[in-house]
Amino acid sequence: RISRKELAYIEGRLRSSGTSERQQPDTIPWRDIVRSLPVYAIVVCDMGNSWGLTLFLTQLPTYMKNVLGFSIKANGALSALPFLSRYTGAVGASTLSDWLVQHHHLSLINTRRIFSILAMWVPAVVVIGVAYGGCQWEVTVALICLALFFNGAITTSVIVNSTDIAPNLSGTLFGISNTFASIISFIVPVVTGLITNHQETLAQWRKVFWVCVPMYTLTEIFYLIFVSSNVQPWNFRDQSLTTGDDAQETSLTTVKHQSYNVDTRNQETLVNSLATK
């Protein structure tokens with residue numbers, strides 16, 4: 001139901017960012033994806049984020065009920081605040097990051113890095129505060145809201161990064177990372193149960209919270225080392241690569257032309273921008 005003008009704008013922006021006219025490839029370059037460190041950066045960081053998010057949203061209610069005596073059913077509005085906080089943080093971070101990039105205050109790669117740090121390391125610090133916040137449920141709720149507010153920045157860093165490196169295959173990359181993140185969401189309750197071992201005490205739950213800290217910090221370090229904002233060469237790979245030598249040669253030529261066209265468009269955009277200034 002969008003207007004023709006809006007549709008043309010979206011398609012034009014996709015092409016300028018490295019998306020080819022052909023949106024649905026016949027085959028996926030799995031070998032290149034498996035060998036890509038920027039892909040691993042997204043997957044690993046998404047797994048670390050899933051660990052913390054699962055703990056905050058599914059396990060902390062149990063902690064608050066059994067240890068702090070906080071009834072979720074009796075305080076529905078307060079229980080909804082963490083979700084609202086994360087939504088607000090996501091919208092605010094996305095808007096701010098776009099503004100920073102468009103006004104050339106930050107490069108795209110540094111924007112991804114900075115906002116991923118906010119999304120991962122702030123909750124890592126806050127979860128320690130939850131562990132040692134005592135038996136005051138008000139403090140715990142406030143800290144959870146703070147953590148998830150900053151965690152909303154994950155939408156403008158790790159989550160959107162697959163579109164940066166492979167816009168033609170961003171859906172596939174998101175599916176891969178989300179699969180591993182979902183597996184983590186199954187593991188967290190199991191680990192929590194093993195650590196607490198039916199001992200709903202503050203001391204046992206502190207161990208649960210401390211496990212979350214390295215999950216946040218180490219996966220973020222891995223992301224910061226291997227993250228990329230450049231479109232990967234295999235994003236333009238022609239789907240006829242597996243049909244024979246002739247097809248492979250044609251495909252590689254296509255890749256070169258497409259890559260050249262993208263670089264040329266970027267240079268022209270930069271020149272026009274400088275000319276305008």
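Contact is taken here to mean heavy atoms within 4.5 Å. The structure is a predicted model, in which local features need pLDDT of at least 70 and side-chain atom pairs count only at pLDDT 80 or more, while totals for chains, interfaces and linings use all residues. Residues are numbered from 1 along each chain as its sequence is written, and side-chain values use heavy atoms, with hydrogens and water left out.

We may start with the overall fold. The protein has ten helices and zero strands, where helices (H or I, at least four residues) and strands (E, at least two) are DSSP runs numbered from the N terminus. Of the 277 residues in the protein, 38% are buried, that is, under 20% relative accessible area with a 1.4 Å probe and protein chains only. Among contacts with a separation of 6 or more, 82% are between residues 24 or more positions apart.

Helix 3 (residues 37-66) and helix 6 (residues 137-151) have axes that come within 12 Å and cross at roughly 160°; axes are lines fitted to C-alpha atoms over the stretch in contact, and angles run from 0 to 180 degrees between N-to-C directions. Helix 3 and helix 6 are therefore roughly antiparallel to each other, a label given to angles over 145 degrees. On the helix 3 side, Asn49, Leu53, Phe56, Leu57, Leu60, Tyr63 and Met64 meet Trp137, Thr140, Val141, Ile144, Ala147, Leu148 and Asn151 of helix 6. By class, this contact of helix 3 with helix 6 comprises eleven nonpolar, three polar and no charged residues, with Ala, Val, Leu, Ile, Met, Phe, Trp, Tyr, Cys and Pro counted as nonpolar, Asp, Glu, Lys and Arg as charged, and the others, Gly among them, as polar.

Charge pairing comes next. The count is one salt bridge, defined as a side-chain nitrogen of Lys or Arg within 4 Å of a carboxyl oxygen of Asp or Glu. Arginine 112 pairs in this way with aspartate 164, and their closest N and O atoms are 2.6 Å apart. Since arginine 112 lies in helix 5 (residues 108-131) and aspartate 164 in helix 7 (residues 158-165), the pair ties together parts that are 52 residues apart in sequence. Both arginine 112 and aspartate 164 are buried.

Finally, a loop residue deserves a look. Alanine 153 lies in the loop between helix 6 and helix 7 and, at 3% relative accessibility, counts as buried. Leaving aside neighbours within four places in sequence, alanine 153 is in contact with Gly89, Ala93, Phe115 and Ala119. The C-alpha atoms of alanine 153 and arginine 86 are separated by 8.5 Å, although these residues are 67 residues apart along the chain.

How values were computed. Angles under 35 degrees count as roughly parallel, over 145 as roughly antiparallel, 65 to 115 as roughly perpendicular and the rest as oblique. Buried means under 20% relative accessible area, exposed over 50%, partly exposed in between (1.4 Å probe, protein chains only).
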